[in-house]
Amino acid sequence: MEMEEVSPDSVTYAHRCSLLVMSRQGEAAVDLIKECVDSGMKPQFKMYVTCINYLMRGRRYEEAQPLVQQLRAATTGNNRFLDRLEAELAAELGP
């Protein structure tokens, strides 16, 4: 895309995120959320979920928590997935 001077959008960021996690470059995927926000775009729900799942599988709950909070702030209405994630984080991190 860069060679063709095609600008990324939130969809391409989400695809890059998934590809990075699949290729065992999860750290780069997590960093991609910040890059997406810094470029003025709103990361897709899927992008957050991909990174949160990566961190939770690695038991990196402290790092997952801010992403869950960002996703909660960006999500409107009731979301059972986020409710479950927050409960799991609370159980792992304690009071």
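A residue counts as buried when its relative accessible area is under 20%, and as exposed when that area is over 50%. In helix 4 of this predicted model, Tyr 61, Ala 64, Leu 67, Val 68 and Leu 71 are buried. The mean pLDDT of the protein chain is 89, and 95% of the residues score at least 70.

**Confidence by element**
- Helix 3 has the highest mean pLDDT among the elements of the chain, at 93.
- Helix 5 has the lowest, at 90.

**Nonpolar core**
- The largest nonpolar core contains 25 residues.
- Within this core, Met 47, Cys 51, Ile 52, Met 56 and Leu 67 have the most contacts.
- At least two core residues come from each of helix 1 (10-22), helix 2 (26-38), helix 3 (45-57), helix 4 (61-74) and helix 5 (80-93).
- Helix 3 supplies the largest share, seven residues.
- Leaving aside residues up to four places away in sequence, Leu 67 touches Val 30, Ile 33, Tyr 48, Cys 51, Ile 52 and Leu 55.

**Helix 4**
- Helix 4 has 14 residues, and the distance from its first C-alpha to its last is 20 Å, close to the 20 Å expected at 1.5 Å a residue.
- Viewed down the axis of helix 4, the buried residues lie within an arc of 120 degrees, so they line one face of the helix.
- Glu 62 and Ala 73 are exposed on the other side of helix 4.
- Helix 2, helix 3 and helix 5 are the elements against which the buried residues of helix 4 pack.

**Helix 1**
- The 13 residues of helix 1 should span 18 Å at 1.5 Å a residue, and the end C-alpha atoms are 18 Å apart, which agrees.
- Tyr 13, Ala 14, Cys 17, Ser 18, Leu 20 and Val 21 are the buried residues of helix 1.
- These buried residues fall within an arc of 160 degrees when seen down the axis of helix 1, so they line one face of the helix.
- Leu 19 and Met 22 are exposed, on the face of helix 1 turned away from its buried side.
- Helix 2 and helix 3 are among what covers the buried residues of helix 1.
- At the start of helix 1, the backbone nitrogen of Val 11 has a side-chain oxygen of Asp 9 within 3.1 Å.
- Arg 24, which follows helix 1, has a positive phi, near 60 degrees.

How values were computed:
Residues are numbered from 1 along each chain as its sequence is written. This is a predicted model: local features need pLDDT of at least 70, side-chain atom pairs count only at pLDDT 80 or more; totals for chains, interfaces and linings use all residues. Side-chain values use heavy atoms; hydrogens and water are left out. A nonpolar core is a set of buried Ala, Val, Leu, Ile, Met, Phe, Trp, Tyr and Cys residues joined through side-chain atoms within 4.5 Å. Buried means under 20% relative accessible area, exposed over 50%, partly exposed in between (1.4 Å probe, protein chains only). Helices (H or I, at least four residues) and strands (E, at least two) are DSSP runs, numbered from the N terminus. Contact means heavy atoms within 4.5 Å. pLDDT is the predictor's confidence in each residue, from 0 to 100. The expected span of a helix is 1.5 Å times one less than its number of residues. The arc is that of the directions from the helix axis to the C-beta atoms. A polar contact is a pair of N or O atoms within 3.5 Å; within protein, one must be able to donate a hydrogen and the other to accept it, and residues adjacent in sequence count only if both atoms are side-chain atoms.
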